[in-house]
Amino acid sequence: MVTGARLTTSVERCPIVAEKNFVLATREVGYRSLGHAIAELVDNSIQATSRHIQIFLFAGDTEPVFALLDDGRGMDIQTLRTALQFGGTDRFNDRSGLGRFGMGLPSSSMSQARRLEVYSWQRAGHVNHSYLDVDEIVAGRLREIPMTRRTNLPSWMQSKVSHTGTLVVWQRCDKISGDQIATESRRLRTQLGQIFRYFIWEGTHITVNGCRVQGVDPLYCNRRSPLSGATAYGTPLVYKIRLPHNPDKISTVRVRFSELPVAEWQGIPIQEKRRLGIVKGAGVSLVRAHREIAYGWYFLGEKRRENYDDWWRCEISFGPELDEYFHPTHTKQEIHPGAELEAALTPDLEALARTLNFRVRASFSKLRSSRQSATGKLVSTRDKYLPPLREEASSTHIQTRRKTVGRLKYSLSVRPLQEDAFYSVRRENETLELILNKDHAFFELIYAPLCQKNSPQIRAAIDCLLFALLRTEAEATSGVQRYWYNRKRKVWSNILATFLGS
Ligand SMILES: Nc1ncnc2c1ncn2[C@@H]1O[C@H](COP(=O)(O)OP(=O)(O)O)[C@@H](O)[C@H]1O
Ligand SMILES: [Mg+2]
(Lines give C-alpha, C1' and ligand atoms only; values in the text may rest on other atoms or scores of the structure.)
(Ligands and ions follow the chains in the order given, each with its own letter.)
Protein backbone atom coordinates (compact mmCIF):
# COMPACT_ATOMS: atom_id res chain seq x y z
CA MET A 1 0.00 0.00 0.00
CA VAL A 2 1.24 3.50 -0.84
CA THR A 3 0.76 6.28 1.64
CA GLY A 4 1.77 9.92 1.65
CA ALA A 5 2.71 10.62 -1.98
CA ARG A 6 -0.20 11.37 -4.24
CA LEU A 7 -0.51 8.82 -7.00
CA THR A 8 -1.16 9.98 -10.54
CA THR A 9 -3.98 7.83 -11.79
CA SER A 10 -4.09 6.84 -15.42
CA VAL A 11 -7.16 9.00 -16.01
CA GLU A 12 -5.58 12.24 -14.82
CA ARG A 13 -4.20 14.63 -17.43
CA CYS A 14 -0.45 14.09 -17.73
CA PRO A 15 0.80 16.24 -20.59
CA ILE A 16 4.28 15.61 -21.99
CA VAL A 17 5.19 19.16 -21.16
CA ALA A 18 4.45 20.52 -17.67
CA GLU A 19 3.46 23.88 -19.09
CA LYS A 20 3.85 26.15 -16.03
CA ASN A 21 7.37 24.99 -15.28
CA PHE A 22 8.21 24.82 -18.93
CA VAL A 23 7.28 28.44 -19.54
CA LEU A 24 9.20 29.58 -16.45
CA ALA A 25 12.21 27.52 -17.55
CA THR A 26 12.19 28.98 -21.07
CA ARG A 27 12.44 32.42 -19.50
CA GLU A 28 15.99 31.40 -18.58
CA VAL A 29 16.77 29.93 -21.97
CA GLY A 30 19.84 32.11 -22.13
CA TYR A 31 19.65 34.76 -24.80
CA ARG A 32 22.94 36.54 -24.38
CA SER A 33 21.38 39.96 -24.72
CA LEU A 34 18.21 41.80 -25.58
CA GLY A 35 19.60 42.21 -29.11
CA HIS A 36 19.98 38.46 -29.58
CA ALA A 37 16.37 37.90 -28.47
CA ILE A 38 15.02 40.64 -30.74
CA ALA A 39 17.00 39.21 -33.65
CA GLU A 40 14.60 36.22 -33.57
CA LEU A 41 11.70 38.56 -34.32
CA VAL A 42 13.65 40.32 -37.06
CA ASP A 43 14.33 36.87 -38.60
CA ASN A 44 10.61 36.22 -38.74
CA SER A 45 9.88 39.62 -40.29
CA ILE A 46 12.55 39.10 -42.92
CA GLN A 47 11.20 35.64 -43.70
CA ALA A 48 7.76 37.17 -44.09
CA THR A 49 9.36 39.39 -46.81
CA SER A 50 9.28 42.62 -44.80
CA ARG A 51 11.28 45.55 -46.16
CA HIS A 52 10.60 47.96 -43.30
CA ILE A 53 11.00 46.87 -39.70
CA GLN A 54 10.40 49.39 -36.95
CA ILE A 55 11.54 48.66 -33.42
CA PHE A 56 10.36 50.62 -30.40
CA LEU A 57 11.57 50.46 -26.83
CA PHE A 58 10.01 52.76 -24.28
CA ALA A 59 9.22 53.05 -20.59
CA GLY A 60 5.75 51.60 -19.97
CA ASP A 61 3.53 52.30 -16.97
CA THR A 62 5.56 50.07 -14.69
CA GLU A 63 8.09 48.23 -16.81
CA PRO A 64 9.57 48.85 -20.28
CA VAL A 65 7.57 47.93 -23.37
CA PHE A 66 9.09 46.66 -26.59
CA ALA A 67 7.40 46.50 -29.98
CA LEU A 68 8.34 45.44 -33.49
CA LEU A 69 6.22 46.46 -36.45
CA ASP A 70 6.80 44.97 -39.88
CA ASP A 71 5.28 45.19 -43.33
CA GLY A 72 5.59 41.48 -44.12
CA ARG A 73 2.90 39.19 -45.43
CA GLY A 74 1.12 38.89 -42.07
CA MET A 75 -0.51 35.73 -40.71
CA ASP A 76 -3.92 34.15 -41.05
CA ILE A 77 -5.69 33.23 -37.82
CA GLN A 78 -4.45 29.63 -37.71
CA THR A 79 -0.84 30.62 -38.38
CA LEU A 80 -1.11 33.30 -35.73
CA ARG A 81 -2.15 30.79 -33.07
CA THR A 82 0.51 28.29 -34.18
CA ALA A 83 3.12 31.04 -34.11
CA LEU A 84 2.58 31.48 -30.36
CA GLN A 85 3.03 27.76 -29.64
CA PHE A 86 6.42 26.54 -28.49
CA GLY A 87 7.52 24.47 -31.46
CA GLY A 88 4.66 25.82 -33.56
CA THR A 89 5.87 26.57 -37.09
CA ASP A 90 4.95 26.04 -40.68
CA ARG A 91 8.59 25.39 -41.54
CA PHE A 92 9.88 22.79 -39.06
CA ASN A 93 13.44 21.76 -39.97
CA ASP A 94 13.25 23.92 -43.08
CA ARG A 95 16.71 24.60 -44.56
CA SER A 96 15.95 27.44 -46.86
CA GLY A 97 15.95 30.38 -44.50
CA LEU A 98 16.40 31.71 -41.01
CA GLY A 99 13.73 29.93 -38.89
CA ARG A 100 13.76 26.23 -38.33
CA PHE A 101 12.41 25.00 -35.00
CA GLY A 102 9.30 27.04 -34.23
CA MET A 103 10.84 28.25 -30.97
CA GLY A 104 12.08 31.73 -31.86
CA LEU A 105 8.99 33.86 -31.30
CA PRO A 106 7.70 32.40 -28.01
CA SER A 107 11.04 31.65 -26.38
CA SER A 108 12.78 34.94 -27.23
CA SER A 109 9.67 36.83 -26.08
CA MET A 110 9.27 34.96 -22.81
CA SER A 111 13.00 35.41 -22.11
CA GLN A 112 12.47 39.19 -21.91
CA ALA A 113 8.82 39.86 -21.06
CA ARG A 114 5.94 38.51 -19.01
CA ARG A 115 3.41 39.08 -21.77
CA LEU A 116 3.67 38.61 -25.52
CA GLU A 117 1.01 40.02 -27.82
CA VAL A 118 0.89 39.46 -31.55
CA TYR A 119 -1.26 41.48 -33.94
CA SER A 120 -1.29 40.44 -37.57
CA TRP A 121 -3.25 41.45 -40.66
CA GLN A 122 -3.40 40.36 -44.26
CA ARG A 123 -5.86 43.08 -45.27
CA ALA A 124 -5.84 46.71 -44.17
CA GLY A 125 -7.92 47.14 -41.02
CA HIS A 126 -8.50 43.39 -40.44
CA VAL A 127 -6.22 42.96 -37.46
CA ASN A 128 -6.23 39.68 -35.49
CA HIS A 129 -4.68 39.33 -32.09
CA SER A 130 -3.60 36.63 -29.66
CA TYR A 131 -1.16 36.47 -26.76
CA LEU A 132 0.83 34.52 -24.17
CA ASP A 133 0.98 35.68 -20.56
CA VAL A 134 3.41 34.12 -18.08
CA ASP A 135 1.33 35.07 -15.01
CA GLU A 136 -1.88 33.67 -16.49
CA ILE A 137 -0.08 30.44 -17.41
CA VAL A 138 1.44 30.09 -13.93
CA ALA A 139 -1.95 30.81 -12.30
CA GLY A 140 -3.47 28.06 -14.46
CA ARG A 141 -5.81 30.49 -16.24
CA LEU A 142 -4.19 30.06 -19.65
CA ARG A 143 -3.82 26.51 -20.85
CA GLU A 144 -4.28 26.91 -24.59
CA ILE A 145 -3.18 29.55 -27.05
CA PRO A 146 -6.15 31.98 -26.88
CA MET A 147 -8.44 32.05 -29.92
CA THR A 148 -7.59 35.01 -32.10
CA ARG A 149 -9.81 38.03 -31.78
CA ARG A 150 -10.44 40.87 -34.25
CA THR A 151 -9.18 44.11 -32.77
CA ASN A 152 -7.50 47.46 -33.43
CA LEU A 153 -3.83 48.15 -33.02
CA PRO A 154 -2.92 49.63 -29.62
CA SER A 155 -3.56 53.37 -29.46
CA TRP A 156 0.11 54.19 -28.76
CA MET A 157 1.10 52.66 -32.09
CA GLN A 158 1.19 55.89 -34.06
CA SER A 159 3.26 54.64 -37.00
CA LYS A 160 1.63 54.31 -40.37
CA VAL A 161 1.06 50.60 -40.95
CA SER A 162 1.27 48.78 -44.25
CA HIS A 163 -1.76 46.89 -45.70
CA THR A 164 -0.24 43.58 -44.53
CA GLY A 165 2.02 43.12 -41.55
CA THR A 166 2.61 42.06 -37.99
CA LEU A 167 3.09 43.87 -34.71
CA VAL A 168 4.79 41.98 -31.89
CA VAL A 169 4.55 43.60 -28.45
CA TRP A 170 6.42 42.59 -25.31
CA GLN A 171 4.62 43.95 -22.26
CA ARG A 172 6.11 43.95 -18.77
CA CYS A 173 9.71 43.54 -19.91
CA ASP A 174 11.04 42.63 -16.47
CA LYS A 175 14.51 41.75 -17.78
CA ILE A 176 15.13 45.22 -19.21
CA SER A 177 16.02 48.02 -16.84
CA GLY A 178 13.89 51.14 -17.23
CA ASP A 179 16.96 53.40 -16.77
CA GLN A 180 18.81 51.73 -19.57
CA ILE A 181 16.47 52.42 -22.46
CA ALA A 182 18.68 54.95 -24.24
CA THR A 183 21.78 52.78 -23.79
CA GLU A 184 19.91 49.65 -24.86
CA SER A 185 18.56 51.37 -27.99
CA ARG A 186 22.08 52.41 -28.97
CA ARG A 187 23.45 48.94 -28.32
CA LEU A 188 20.57 47.40 -30.28
CA ARG A 189 21.43 49.46 -33.35
CA THR A 190 24.97 48.13 -33.34
CA GLN A 191 24.04 44.53 -32.58
CA LEU A 192 21.22 44.30 -35.11
CA GLY A 193 23.36 46.24 -37.61
CA GLN A 194 25.99 43.52 -37.36
CA ILE A 195 23.68 40.50 -37.23
CA PHE A 196 21.60 41.62 -40.22
CA ARG A 197 24.31 43.52 -42.14
CA TYR A 198 23.80 41.67 -45.40
CA PHE A 199 20.03 42.23 -45.38
CA ILE A 200 20.49 45.92 -44.57
CA TRP A 201 23.01 46.38 -47.37
CA GLU A 202 20.55 44.67 -49.70
CA GLY A 203 17.78 47.13 -48.79
CA THR A 204 16.00 45.97 -45.61
CA HIS A 205 15.24 49.08 -43.60
CA ILE A 206 15.39 48.71 -39.80
CA THR A 207 14.90 51.51 -37.26
CA VAL A 208 15.19 51.58 -33.48
CA ASN A 209 13.14 54.34 -31.89
CA GLY A 210 13.18 56.15 -35.22
CA CYS A 211 16.96 55.91 -35.75
CA ARG A 212 18.07 53.97 -38.76
CA VAL A 213 20.16 50.86 -38.21
CA GLN A 214 23.29 50.85 -40.38
CA GLY A 215 24.92 47.60 -41.49
CA VAL A 216 28.00 47.02 -39.32
CA ASP A 217 30.86 45.06 -40.87
CA PRO A 218 32.92 43.37 -38.14
CA LEU A 219 35.68 43.03 -40.76
CA TYR A 220 35.61 46.85 -41.31
CA CYS A 221 35.88 46.40 -45.08
CA ASN A 222 32.43 47.42 -46.31
CA ARG A 223 32.38 51.14 -47.03
CA ARG A 224 28.73 51.44 -45.95
CA SER A 225 29.69 50.37 -42.43
CA PRO A 226 30.00 53.20 -39.84
CA LEU A 227 33.73 52.54 -39.75
CA SER A 228 35.64 51.05 -42.67
CA GLY A 229 39.18 51.07 -43.91
CA ALA A 230 40.42 47.52 -43.29
CA THR A 231 41.82 45.53 -46.20
CA ALA A 232 41.08 41.97 -47.25
CA TYR A 233 43.91 39.60 -46.46
CA GLY A 234 44.57 37.12 -49.28
CA THR A 235 41.85 35.57 -51.37
CA PRO A 236 38.89 33.88 -49.65
CA LEU A 237 39.27 30.20 -48.81
CA VAL A 238 36.56 27.99 -50.27
CA TYR A 239 35.76 24.55 -48.89
CA LYS A 240 33.51 22.20 -50.83
CA ILE A 241 31.55 20.00 -48.46
CA ARG A 242 29.21 17.10 -49.21
CA LEU A 243 25.72 17.52 -47.81
CA PRO A 244 25.25 15.23 -44.80
CA HIS A 245 22.07 13.55 -46.05
CA ASN A 246 22.71 13.86 -49.73
CA PRO A 247 26.39 13.13 -50.45
CA ASP A 248 25.89 13.69 -54.19
CA LYS A 249 25.32 17.37 -53.50
CA ILE A 250 28.00 19.83 -52.53
CA SER A 251 27.77 23.04 -50.56
CA THR A 252 30.49 25.62 -49.99
CA VAL A 253 31.94 27.25 -46.91
CA ARG A 254 33.72 30.57 -47.57
CA VAL A 255 36.29 32.06 -45.26
CA ARG A 256 37.77 35.53 -45.56
CA PHE A 257 40.12 37.59 -43.43
CA SER A 258 40.76 41.29 -43.04
CA GLU A 259 43.54 43.40 -41.54
CA LEU A 260 42.71 46.60 -39.70
CA PRO A 261 44.87 49.66 -40.46
CA VAL A 262 47.13 49.72 -37.42
CA ALA A 263 48.98 52.91 -38.34
CA GLU A 264 45.79 54.92 -38.90
CA TRP A 265 43.67 53.58 -36.07
CA GLN A 266 46.04 52.81 -33.22
CA GLY A 267 45.89 56.39 -31.95
CA ILE A 268 42.10 56.46 -31.59
CA PRO A 269 41.31 57.06 -27.90
CA ILE A 270 40.60 53.84 -26.06
CA GLN A 271 36.94 54.57 -25.23
CA GLU A 272 36.33 55.33 -28.87
CA LYS A 273 38.08 52.12 -29.93
CA ARG A 274 35.84 50.23 -27.53
CA ARG A 275 32.71 51.93 -28.86
CA LEU A 276 33.72 51.15 -32.42
CA GLY A 277 34.24 47.48 -31.52
CA ILE A 278 37.98 47.49 -32.26
CA VAL A 279 39.17 46.73 -28.73
CA LYS A 280 38.04 43.32 -27.41
CA GLY A 281 36.52 42.67 -30.82
CA ALA A 282 38.83 39.82 -31.87
CA GLY A 283 37.01 36.88 -33.35
CA VAL A 284 35.33 35.07 -36.17
CA SER A 285 31.89 35.99 -37.48
CA LEU A 286 29.79 33.00 -38.50
CA VAL A 287 27.23 33.89 -41.13
CA ARG A 288 24.45 31.43 -41.96
CA ALA A 289 22.03 32.34 -44.76
CA HIS A 290 23.32 35.96 -44.71
CA ARG A 291 22.55 36.32 -40.98
CA GLU A 292 25.27 36.34 -38.32
CA ILE A 293 24.63 33.35 -36.15
CA ALA A 294 27.67 33.45 -33.85
CA TYR A 295 30.71 35.54 -33.10
CA GLY A 296 33.65 34.16 -31.21
CA TRP A 297 36.92 32.31 -31.13
CA TYR A 298 36.11 29.46 -33.53
CA PHE A 299 38.32 27.11 -35.60
CA LEU A 300 41.52 28.62 -34.20
CA GLY A 301 42.86 25.44 -32.58
CA GLU A 302 45.52 26.05 -29.98
CA LYS A 303 45.93 29.73 -30.76
CA ARG A 304 45.13 31.79 -27.69
CA ARG A 305 43.44 35.15 -28.02
CA GLU A 306 45.74 38.15 -27.49
CA ASN A 307 45.26 41.92 -27.75
CA TYR A 308 47.08 41.95 -31.09
CA ASP A 309 44.28 39.74 -32.46
CA ASP A 310 41.90 42.71 -32.24
CA TRP A 311 43.60 43.94 -35.41
CA TRP A 312 42.52 41.21 -37.80
CA ARG A 313 39.08 39.65 -38.38
CA CYS A 314 37.57 36.61 -40.04
CA GLU A 315 34.19 35.71 -41.48
CA ILE A 316 32.91 32.22 -42.29
CA SER A 317 29.76 31.93 -44.42
CA PHE A 318 27.72 28.78 -44.94
CA GLY A 319 24.21 27.69 -45.85
CA PRO A 320 21.61 26.11 -43.51
CA GLU A 321 22.04 22.81 -45.39
CA LEU A 322 25.35 22.46 -43.50
CA ASP A 323 23.78 22.77 -40.04
CA GLU A 324 24.74 19.16 -39.28
CA TYR A 325 28.38 20.22 -39.48
CA PHE A 326 28.17 23.60 -37.74
CA HIS A 327 25.43 22.74 -35.20
CA PRO A 328 24.07 26.22 -34.51
CA THR A 329 22.18 26.40 -31.22
CA HIS A 330 18.47 27.01 -31.61
CA THR A 331 18.86 30.44 -30.01
CA LYS A 332 21.21 31.36 -32.89
CA GLN A 333 24.03 32.67 -30.75
CA GLU A 334 26.64 29.93 -30.92
CA ILE A 335 27.82 26.98 -32.97
CA HIS A 336 29.18 23.61 -31.84
CA PRO A 337 31.13 22.39 -34.86
CA GLY A 338 31.66 18.67 -35.33
CA ALA A 339 35.12 17.05 -35.40
CA GLU A 340 35.05 16.54 -39.17
CA LEU A 341 34.53 20.23 -39.84
CA GLU A 342 37.16 21.20 -37.25
CA ALA A 343 39.63 18.90 -39.01
CA ALA A 344 38.92 20.54 -42.36
CA LEU A 345 39.01 24.20 -41.30
CA THR A 346 41.11 24.56 -38.17
CA PRO A 347 44.63 23.84 -39.55
CA ASP A 348 44.27 26.55 -42.23
CA LEU A 349 42.54 29.09 -40.03
CA GLU A 350 44.92 28.64 -37.13
CA ALA A 351 47.94 29.07 -39.41
CA LEU A 352 46.46 32.23 -40.94
CA ALA A 353 45.57 33.60 -37.51
CA ARG A 354 49.19 33.19 -36.42
CA THR A 355 50.44 34.88 -39.59
CA LEU A 356 48.06 37.80 -39.11
CA ASN A 357 49.00 38.14 -35.46
CA PHE A 358 52.65 38.29 -36.54
CA ARG A 359 51.88 40.97 -39.14
CA VAL A 360 50.03 43.08 -36.55
CA ARG A 361 53.00 42.86 -34.17
CA ALA A 362 55.31 43.90 -37.00
CA SER A 363 53.08 46.91 -37.82
CA PHE A 364 53.11 48.03 -34.20
CA SER A 365 56.85 47.77 -33.88
CA LYS A 366 57.38 49.62 -37.19
CA LEU A 367 55.09 52.32 -35.94
CA ARG A 368 56.97 52.64 -32.68
CA SER A 369 60.26 53.07 -34.51
CA SER A 370 59.00 55.62 -37.07
CA ARG A 371 56.32 57.60 -35.27
CA GLN A 372 57.51 60.78 -36.97
CA SER A 373 57.25 61.28 -40.72
CA ALA A 374 60.10 62.93 -42.63
CA THR A 375 58.28 66.28 -42.52
CA GLY A 376 57.57 65.78 -38.82
CA LYS A 377 61.31 65.32 -38.22
CA LEU A 378 62.19 68.35 -40.33
CA VAL A 379 59.71 70.56 -38.51
CA SER A 380 61.05 69.27 -35.23
CA THR A 381 64.60 70.45 -36.12
CA ARG A 382 63.34 73.85 -37.30
CA ASP A 383 61.34 74.35 -34.17
CA LYS A 384 64.46 75.72 -32.48
CA TYR A 385 64.06 78.96 -34.48
CA LEU A 386 60.81 79.66 -32.69
CA PRO A 387 60.44 81.00 -29.16
CA PRO A 388 60.39 77.95 -26.91
CA LEU A 389 57.04 76.56 -25.92
CA ARG A 390 56.26 77.04 -22.27
CA GLU A 391 53.87 75.12 -20.14
CA GLU A 392 52.41 75.33 -16.66
CA ALA A 393 54.71 73.45 -14.34
CA SER A 394 52.60 73.98 -11.25
CA SER A 395 50.02 76.42 -10.18
CA THR A 396 48.66 77.63 -6.92
CA HIS A 397 45.93 80.19 -6.53
CA ILE A 398 48.65 82.78 -6.03
CA GLN A 399 51.06 82.13 -8.83
CA THR A 400 51.63 79.94 -11.84
CA ARG A 401 55.09 78.73 -12.64
CA ARG A 402 55.97 78.04 -16.27
CA LYS A 403 58.68 75.73 -17.53
CA THR A 404 60.20 75.46 -20.97
CA VAL A 405 59.36 72.35 -22.95
CA GLY A 406 62.23 70.40 -24.52
CA ARG A 407 62.54 69.55 -28.19
CA LEU A 408 59.14 68.90 -29.70
CA LYS A 409 58.20 65.90 -31.82
CA TYR A 410 55.56 66.34 -34.51
CA SER A 411 53.29 63.61 -35.92
CA LEU A 412 50.26 63.50 -38.15
CA SER A 413 47.62 60.79 -38.44
CA VAL A 414 44.32 60.39 -40.25
CA ARG A 415 41.16 58.84 -38.88
CA PRO A 416 37.44 59.54 -38.51
CA LEU A 417 36.63 61.96 -35.68
CA GLN A 418 33.34 62.37 -33.87
CA GLU A 419 33.63 66.16 -33.75
CA ASP A 420 32.96 68.50 -36.70
CA ALA A 421 36.45 69.97 -36.83
CA PHE A 422 38.69 68.96 -39.72
CA TYR A 423 41.51 68.21 -37.33
CA SER A 424 42.09 67.72 -33.69
CA VAL A 425 45.25 68.08 -31.63
CA ARG A 426 46.76 65.84 -29.04
CA ARG A 427 49.70 66.56 -26.85
CA GLU A 428 51.61 64.04 -24.82
CA ASN A 429 54.54 65.67 -23.05
CA GLU A 430 56.84 66.68 -25.88
CA THR A 431 54.93 64.99 -28.66
CA LEU A 432 52.40 67.00 -30.65
CA GLU A 433 49.98 65.03 -32.79
CA LEU A 434 47.65 66.46 -35.39
CA ILE A 435 44.76 64.14 -36.23
CA LEU A 436 43.10 64.86 -39.54
CA ASN A 437 39.40 64.05 -39.64
CA LYS A 438 38.90 61.47 -42.39
CA ASP A 439 35.20 62.35 -42.55
CA HIS A 440 35.69 66.08 -43.13
CA ALA A 441 35.62 67.69 -46.57
CA PHE A 442 39.12 69.08 -45.98
CA PHE A 443 40.52 65.57 -46.05
CA GLU A 444 38.38 64.36 -48.93
CA LEU A 445 38.67 67.41 -51.19
CA ILE A 446 42.01 68.93 -50.28
CA TYR A 447 44.40 66.69 -48.39
CA ALA A 448 43.76 63.29 -50.03
CA PRO A 449 43.80 64.70 -53.62
CA LEU A 450 47.04 66.58 -52.86
CA CYS A 451 48.63 63.42 -51.51
CA GLN A 452 47.52 61.52 -54.61
CA LYS A 453 49.21 64.08 -56.86
CA ASN A 454 52.36 62.23 -56.05
CA SER A 455 54.24 65.42 -55.32
CA PRO A 456 56.25 64.98 -52.13
CA GLN A 457 57.01 68.74 -52.05
CA ILE A 458 53.33 69.72 -52.02
CA ARG A 459 52.57 67.04 -49.43
CA ALA A 460 55.48 68.25 -47.24
CA ALA A 461 54.37 71.88 -47.61
CA ILE A 462 50.77 71.15 -46.61
CA ASP A 463 52.01 69.08 -43.67
CA CYS A 464 54.11 72.10 -42.61
CA LEU A 465 50.97 74.24 -42.77
CA LEU A 466 49.11 71.78 -40.55
CA PHE A 467 52.03 71.51 -38.13
CA ALA A 468 52.07 75.31 -37.91
CA LEU A 469 48.42 75.22 -36.80
CA LEU A 470 49.28 72.51 -34.32
CA ARG A 471 52.23 74.50 -32.93
CA THR A 472 50.09 77.63 -32.61
CA GLU A 473 47.43 75.80 -30.63
CA ALA A 474 50.07 74.19 -28.45
CA GLU A 475 51.02 77.67 -27.25
CA ALA A 476 47.73 77.90 -25.40
CA THR A 477 48.62 77.66 -21.75
CA SER A 478 45.31 78.21 -20.03
CA GLY A 479 42.00 76.33 -20.15
CA VAL A 480 40.32 79.43 -21.55
CA GLN A 481 42.76 79.63 -24.45
CA ARG A 482 42.42 75.95 -25.19
CA TYR A 483 38.63 76.28 -25.13
CA TRP A 484 38.86 79.20 -27.57
CA TYR A 485 41.00 77.20 -30.00
CA ASN A 486 38.67 74.20 -29.77
CA ARG A 487 35.67 76.33 -30.55
CA LYS A 488 37.23 78.32 -33.34
CA ARG A 489 38.61 75.16 -34.91
CA LYS A 490 35.05 73.81 -35.17
CA VAL A 491 33.69 77.11 -36.45
CA TRP A 492 36.19 77.53 -39.22
CA SER A 493 36.01 73.83 -40.11
CA ASN A 494 32.26 74.23 -40.58
CA ILE A 495 32.71 77.35 -42.70
CA LEU A 496 35.31 75.53 -44.80
CA ALA A 497 32.99 72.53 -45.26
CA THR A 498 30.21 74.90 -46.37
CA PHE A 499 32.46 76.66 -48.86
CA LEU A 500 33.64 73.32 -50.19
CA GLY A 501 29.97 72.42 -50.70
CA SER A 502 29.81 69.46 -48.34
N1 LIG B 1 6.49 38.72 -38.30
C2 LIG B 1 5.92 37.62 -38.77
N3 LIG B 1 5.25 37.65 -39.96
C4 LIG B 1 4.66 36.53 -40.45
N5 LIG B 1 4.70 35.33 -39.84
C6 LIG B 1 5.34 35.23 -38.67
C7 LIG B 1 5.97 36.36 -38.07
N8 LIG B 1 6.52 35.97 -36.90
C9 LIG B 1 6.25 34.66 -36.77
N10 LIG B 1 5.55 34.19 -37.83
C11 LIG B 1 5.04 32.82 -38.01
O12 LIG B 1 5.25 32.18 -36.78
C13 LIG B 1 5.95 30.96 -36.94
C14 LIG B 1 6.77 30.67 -35.71
O15 LIG B 1 7.86 31.55 -35.60
P16 LIG B 1 9.09 31.13 -34.70
O17 LIG B 1 8.59 30.74 -33.38
O18 LIG B 1 10.08 32.22 -34.74
O19 LIG B 1 9.64 29.83 -35.39
P20 LIG B 1 10.35 29.61 -36.80
O21 LIG B 1 10.82 30.94 -37.27
O22 LIG B 1 11.45 28.66 -36.50
O23 LIG B 1 9.29 29.02 -37.70
C24 LIG B 1 6.72 31.13 -38.23
O25 LIG B 1 6.93 29.87 -38.85
C26 LIG B 1 5.78 32.01 -39.05
O27 LIG B 1 4.83 31.22 -39.70
MG1 LIG C 1 11.71 32.37 -36.17
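This is a predicted model: local features need pLDDT of at least 70, side-chain atom pairs count only at pLDDT 80 or more; totals for chains, interfaces and linings use all residues.
View 1. Strand 9 (residues 231-243) and strand 10 (residues 246-259) run antiparallel to one another and are paired over ten bridges, where strands are DSSP runs of E with at least two residues, numbered from the N terminus, and two strands pair if DSSP finds at least two bridges between them. Residues are numbered from 1 along each chain as its sequence is written, and chains are lettered from A and ligands numbered from 1 in the order in which they are written. Local features need pLDDT of at least 70, and side-chain atom pairs count only at pLDDT 80 or more, while totals for chains, interfaces and linings use all residues; side-chain values use heavy atoms, with hydrogens and water left out.

**View 2. The hairpin of strand 17 and strand 18.** Strand 17 (residues 423-428) and strand 18 (residues 431-437) are paired in the antiparallel sense over six bridges, and Tyr423 faces Leu436 of strand 18 as its opposite residue. Two residues lie between the strands of this hairpin, and Asn429 in the turn has a positive phi of about 50°.

View 3. The strands follow the order 5-4-3-6-2-1-7-8, with mixed pairing. Strand 5 (149-151) and strand 8 (211-212) stand at the edges with a single partner strand each, so one side of each is left without a neighbour in the sheet. Within the sheet, strand 2 (residues 64-70) pairs with strand 6 (residues 165-171) in the antiparallel sense over five bridges, and Leu69 has Leu167 of strand 6 as its bridge partner.

**View 4. The interface of domain 2 and domain 3.** The domain assignment, which is automatic or from a database, gives domain 1 (19-212), domain 2 (231-360) and domain 3 (386-499). Seven residues from domain 2 and six residues from domain 3 take part in the contact, which means heavy atoms within 4.5 Å. The C-alpha centres of domain 2 and domain 3 lie 39 Å apart. Between these two domains about 510 Å² is buried, 42% of which comes from carbon and sulfur atoms; buried area is the accessible area (1.4 Å probe) that two parts lose on being put together, summed over both. Zero salt bridges are found across this interface, a salt bridge being a side-chain nitrogen of Lys or Arg within 4 Å of a carboxyl oxygen of Asp or Glu.

Definitions and conventions: Helices (H or I, at least four residues) and strands (E, at least two) are DSSP runs, numbered from the N terminus.
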